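Keep the sequence and the model open side by side while reading.

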Amino acid sequence: MLGICRGRRKFLAASLTILFVPAITWIYLFAGSFEDGKPVSLSPLESQPHSPRYTASSQRERESLEVRMREVEEENRVLRKQLSLAQSRSPSHHRGNHSKTYSMEEGTGDSESLRAGIVAGNSSECGQQPAVEKCETIHVAIVCAGYNASRDVVTLVKSVLFHRRNPLHFHLIADAIAKQILATLFQTWMVPAVRIDFYDADELKSEVSWIPNKHYSGIYGLMKLVLTKTLPSNLERVIVLDTDITFATDIAELWAVFHKFKGQQVLGLVENQSDWYLGNLWKNHRPWPALGRGYNTGVILLLLDKLRKMKWEQMWRLTAERELMSMLSTSLADQDIFNAVIKQNPFLVYQLPCFWNVQLSDHTRSEQCYRDVSDLKVIHWNSPKKLRVKNKHVEFFRNLYLTFLEYDGNLLRRELFGCPSEADVNSENLQKQLSELDEDDLCYEFRRERFTVHRTHLYFLHYEYEPASDNTDVTLVAQLSMDRLQMLEAICKHWEGPISLALYLSDAEAQQFLRYAQGSEVLMSRHNVGYHIVYKEGQFYPVNLLRNVAMKHISTPYMFLSDIDFLPMYGLYEYLRKSVIQLDLANTKKALIVPAFETLRYRLSFPKSKAELLSMLDMGTLFTFRYHVWTKGHAPTNFAKWRTATTPYRVEWEADFEPYVVVRKDCPEYDRRFVGFGWNKVAHIMELDAQEYEFTVLPNAYMIHMPHAPSFDITKFRSNKQYRICLKTLKEEFQQDMSRHYGFAALKYLTAENNS
């Protein structure tokens, strides 16, 4: 501690030397330039050698003074260099004290406040106090509604997490859709030292619904006005961000600017960089009143405690009511009202430097905010065109944005060393479960996968579907990876009902999928397909986790458990809905089997009826599924009986049976211990049988498996002996668990396995 104080005293001494030595020198020079109370010019142009006052002695004195002045300037230059070096080393001292000082760039909010802060800091025990403590929590508020905005929030949060060195507390004002998506995302992301709180945006609609708004953000674009009322009363300050923001620096630097507010300044804003509020964009353009160019509200620093004392709620409401009498509606949502308030009360605003909100809409002055990459702090895509906006450096900005868009979010799960984090029950349970595993076990990686928490983004694309009112609706459930993406359009053409898909992708692949889907007329015309991204982690394909994710997020009472490689027959959706009623699936524990076939032809004239399928079966164009390599998997379906069946018939469970079935949505989940290839469906069908489900084959239903290259996991199964040994071990453990859970009735599974 004493060493730190001495170091800071050296800074102070050096600073004082730089300030006072030049002053004393110039006083001395100024005083020496007077003779007999009259000033003597030091300018060579004004000195006159023929003047009687101009003597050899005065010339020598002048020269000596000039030499001394140059010496002092050189000393000052050295001192400045030493001081800058000392300051660059100073964070190490702060880190030892668990604090860090961030640079505070000057805005137009009065630079004297910074100087005053330094002087006040130097009067303390050991000099200047840090602007942002190392473990100080930074509060961020974001309004988010809908599917697209939820994707944007993820990219924003990634850019913040990438640079951050402080704990973060996100306050998300979200509608029901965004809350479901983001709550699951952050719960599965498990980023240390990050806290999330949600506030119901739908409950706030009544606060702002009386304001007509033409902006594309709709009613949610007005909700920043009510943050003083919405956020906790003990929260004193918050950074408010739009969802289309990208950070290029540590958010703590922006948080530090709060310390520069003075007097009645309660809003930190960047000047608007377009001519919108100047009213000269087109003829008869009449914007809301604003101070000069006005301010952009994509980035706001709010001093909540002071705003509440000023009765902000009453202030903005009265202003909005008065202006709406003539303006009739807002054009830029909350921004118009903020600017109208500031126009009347300019003392409220602290103007931030424009690099805290570089606005990339068309025809802005954003290029004046930076000279170099290092100048950039916050990029704001505040145009409806987003990445297609016109800007001289848009390619650079786009690449920066895409970097975070495709950045592996798993890499952001890093600890903040030295900062205590709140106890997370889920994280603690996970660590306990992992610690109980034997790392020397040859099947350790298989066992570990069962406890891996995969980051999950539900409803990656817009989803809109209301189940049929007759309670017969069925959702097709499947899972896939990037190499099966081409099957999506075909499945959508064959199945008109709702679909729930879990996609196992990396962050970069998720963006490739998004571009693929947005470029497909077939996929974009379907709003009843739920795409749930499960992000890649670990070396195995978590097939049963994916199935469980897709199963969990259906809105219909029944589901058809399929695979992405199968095309259902045309009209299967309506046929299954009728079968649900016919077989009273609502009141009985039944699993309706859809018989599976396969073709080895990539181009297939898909059979439009059972009769056509039987003809192709006889000609060798189609085969019963896995007839050549895994007969046991579907043999109990009894295809011979199916050929002539006209009514549903019951079949019994047999070892290794793995049909594709229609069940109620409350059926048991798939067992997560089975990853990659082997036994993932077999175990599920076994558990259905243990729970006394009846297996009933549908006589006029069918599905056809389309050919594809072997998956990576089946290749590992075939080539890796240890893979097969571990799968056998997991099977035995599953059977033992079944016996413990279901008792005597489950002994048949052990017997059947031994006899098979």
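Is cysteine 419 buried or exposed? Cysteine 419 counts as buried, because its relative accessibility is 11% and the cut-off for buried is under 20%. This is a predicted model, and the points below go through its disulfides, strands, helices and aromatic contacts.

**Disulfides and other cysteines**

- The structure holds two disulfides.
- One of them joins cysteine 135 to cysteine 419, with an S to S distance of 2.2 Å.
- This pair links distant parts of the chain, 284 residues apart. Cysteine 135 sits in the loop between strand 4 (132-133) and strand 5 (138-144). Cysteine 419 sits in the loop between helix 12 and helix 13 (425-435).
- The link of cysteine 135 and cysteine 419 is left-handed, with -95 degrees about the S-S bond.
- Cysteine 135 counts as partly exposed because its relative accessibility is 29%.
- Another disulfide joins cysteine 443 to cysteine 726, with an S to S distance of 2.1 Å.
- Cysteine 443 lies in the loop between helix 13 and helix 14 (444-449), and cysteine 726 lies in helix 24 (residues 721-742), so the pair ties together parts that are 283 residues apart in sequence.
- The link of cysteine 443 and cysteine 726 is left-handed, at -95 degrees about the S-S bond. Both cysteine 443 and cysteine 726 are buried.
- Cysteine 144 is buried, with a relative accessible area of 0%. Cysteine 492 also counts as buried, at 8% relative accessibility.

- Strand 18 covers residues 529-535 and is mostly covered: seven of its seven residues are buried.
- In a regular strand, side chains alternate between the two faces of the sheet.
- In strand 18, Val529, Tyr531, Ile533 and Tyr535 point one way. Gly530, His532 and Val534 point the other way.
- Strand 17 (residues 499-505) runs parallel to strand 18, and seven bridges join them. Here leucine 503 has isoleucine 533 of strand 18 as its bridge partner.
- Strand 15 (residues 456-457) pairs with strand 18 in the antiparallel sense, over two bridges. Threonine 456 stands opposite valine 534 in strand 18.
- The charged end of arginine 455 sits over the ring of tyrosine 535, 4.0 Å from its centre.

**An open sheet and the helix across it**

- Three strands form an open sheet in the order 9-14-13, and the pairing is mixed.
- Which strands form the edges? The edge strands are strand 9 (245-247) and strand 13 (358-359), each pairing on one side only.
- Strand 9 pairs with strand 14 (residues 378-380) in the antiparallel sense, over three bridges. Phenylalanine 247 has valine 378 of strand 14 as its bridge partner.
- Helix 12 (residues 394-405) lies across strand 9, strand 13 and strand 14. Helix 12 runs at about 85 degrees to strand 9.

**Helix 11**

- Helix 11 (residues 334-344) is mostly covered, with nine of its 11 residues buried.
- Among the buried residues of helix 11 are Asp334, Asp336, Phe338 and Ile342.
- What covers the buried residues of helix 11 includes strand 10 (267-271), strand 11 (295-303), helix 10 (312-327) and strand 12 (349-352).

**Aromatic contacts**

- A search of the whole structure finds 32 aromatic pairs.
- In one of them, the rings of phenylalanine 674 and tryptophan 679 have their centres 5.8 Å apart and their planes at 45 degrees, so the pair is tilted. Phenylalanine 674 and tryptophan 679 are both buried.
- Why does the pair of phenylalanine 674 and phenylalanine 734 count as edge-to-face? The planes of these rings lie at 75 degrees, with centres 5.7 Å apart, so the pair is edge-to-face. The cut-off for that label is over 60 degrees.
- Phenylalanine 674 lies in the loop between strand 25 (660-664) and helix 22 (680-690), and phenylalanine 734 lies in helix 24, so the pair ties together parts that are 60 residues apart in sequence. Phenylalanine 734 is buried, as is phenylalanine 674.
- Trp255, Phe258, Phe261 and Tyr350 form one aromatic cluster.
- The charged end of lysine 377 sits over the ring of phenylalanine 355, 5.9 Å from its centre.

Notes:
Residues numbered from 1 in each chain as written. Predicted model: local features only at pLDDT ≥ 70, side-chain atom pairs only at ≥ 80, totals over all residues. Heavy atoms only, no water. Buried < 20%, exposed > 50% of the residue type's maximum accessible area, 1.4 Å probe, protein only. Helix = DSSP H or I, 4+ residues; strand = E, 2+ residues; numbered from the N terminus. Pairing = 2+ DSSP bridges. Contact = heavy atoms within 4.5 Å. Axes fitted to C-alpha atoms, helices over the stretch in contact; angles between N-to-C directions. Disulfide = S-S within 2.5 Å. Phe/Tyr/Trp six-rings, centres within 6.5 Å; stacked < 30°, edge-to-face > 60°. Lys NZ or Arg CZ within 6 Å of the ring centre and 35° of its normal.
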